[in-house]
Amino acid sequence: GGWSGPNVVDVYVLSADPLGSPPSGSRARRAAHDRPRRTLLYVPGGAFITHFLLADLFFLMRWVATTRVTVVYVLYDTAPQHPFPHALSQCFTAYAALCQAGASGDRCALGFVPALPVAMAGLSAGGNLASALMLVL
C-alpha cells in the first residue's frame, strides 16, 4: 500500500558467508557469492526502550551457523524519544528494502542478494513489532 517509514534504520548483519563485493577468482566463485541468500529480519525485544544485542547474539549466531540464514538485526529507535509507530515504520523500511532487492535480484545496500520471501522473527516487543508489520503488509 501507500504506507511508508523513515528512510534510515540501523541494522547489524550476521552471516556465515562473506558480504560485499564478489571475491576475485573464478566466475563460479563470483556467481556463488551473488546467489540469493535465505534472509531473516530479526526484531529484538527490550520493552520498546532498549535492545539486548549481546544476549541475542548467542542464539542468533547459532541459527546462522546451523541454517546458513543471513540475519538482519533491526536496531529500531526506542521510546520515549521515538513514540509509536516510529519503530514499526523502521521495521517496514528494512523489510521493504530487503524485498525490493530480492525481487530485482540485486545486492541490497548490506552487500548481499536476499532470497524471497524474507522471513521475520522477534522476541517480546520485537515479536509485537514483527506481528504488527505482517498486519501492515
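Analyst: The largest pocket holds about 310 Å³ of space. Please keep in mind that this is a predicted model. A total of 16 residues line the largest pocket, and those nearest its centre are Thr93, Ala94, Ala97, Leu98 and Ala109. Two elements give two or more residues each to this lining: strand E1 (10-14) and helix H3 (86-104). Of these, H3 supplies 8 residues, the largest share of the lining. What kinds of residues make up the lining of the largest pocket? They divide into 11 nonpolar, 3 polar and 2 charged residues.

Now let us step back to the whole chain. You can count 4 helices and 4 strands in it, and if you start at the N terminus, the elements follow the order β-α-β-α-β-α-β-α. Of the 137 residues in the chain, 38% are buried. Look also at which parts of the sequence meet: among contacts with a separation of 6 or more, 71% are between residues 24 or more positions apart.

Next, find strand E2 (39-43). Because 5 of its 5 residues are buried, E2 is largely enclosed by the rest of the structure. You can check this on each face of E2: Thr39, Leu41 and Val43 are buried on one side, while Leu40 and Tyr42 are buried on the other. E2 also has strand partners. With strand E3 (residues 70-75), E2 pairs in the parallel sense over 4 bridges, and there Leu40 stands opposite Val71. E2 is joined by 4 bridges to strand E4 (residues 119-122) as well, and these two strands run parallel. In that pairing, Val43 has Gly122 of E4 as its bridge partner.

Finally, look at the loop between helix H1 (27-33) and strand E2, where you will find Arg37. Is Arg37 buried or exposed? Its relative accessible area is 8%, so Arg37 counts as buried, the cut-off being under 20%. Which residues does Arg37 touch, leaving aside its neighbours within four places in sequence? Arg37 is in contact with Ser15, Asp17, Pro18, Leu19, Thr70, Phe112, Val113, Pro114 and Ala115. Thr70 also falls in the range of E3, residues 70-75.

Methods: Residues are numbered from 1 along each chain as its sequence is written. This is a predicted model: local features need pLDDT of at least 70, side-chain atom pairs count only at pLDDT 80 or more; totals for chains, interfaces and linings use all residues. Side-chain values use heavy atoms; hydrogens and water are left out. On a 1 Å grid over the protein atoms alone, a cavity is a set of points where a 1.4 Å probe fits but cannot get out, and a pocket is an open set with protein on both sides within 12 Å along at least five of seven lines; lining residues have an atom within 4 Å of a point. Grid points are joined across faces, edges and corners, and a volume is the space filled by probe spheres set on the points. Ala, Val, Leu, Ile, Met, Phe, Trp, Tyr, Cys and Pro count as nonpolar, Asp, Glu, Lys and Arg as charged, and the others, Gly among them, as polar. Buried means under 20% relative accessible area, exposed over 50%, partly exposed in between (1.4 Å probe, protein chains only). Contact means heavy atoms within 4.5 Å. Two strands pair if DSSP finds at least two bridges between them.
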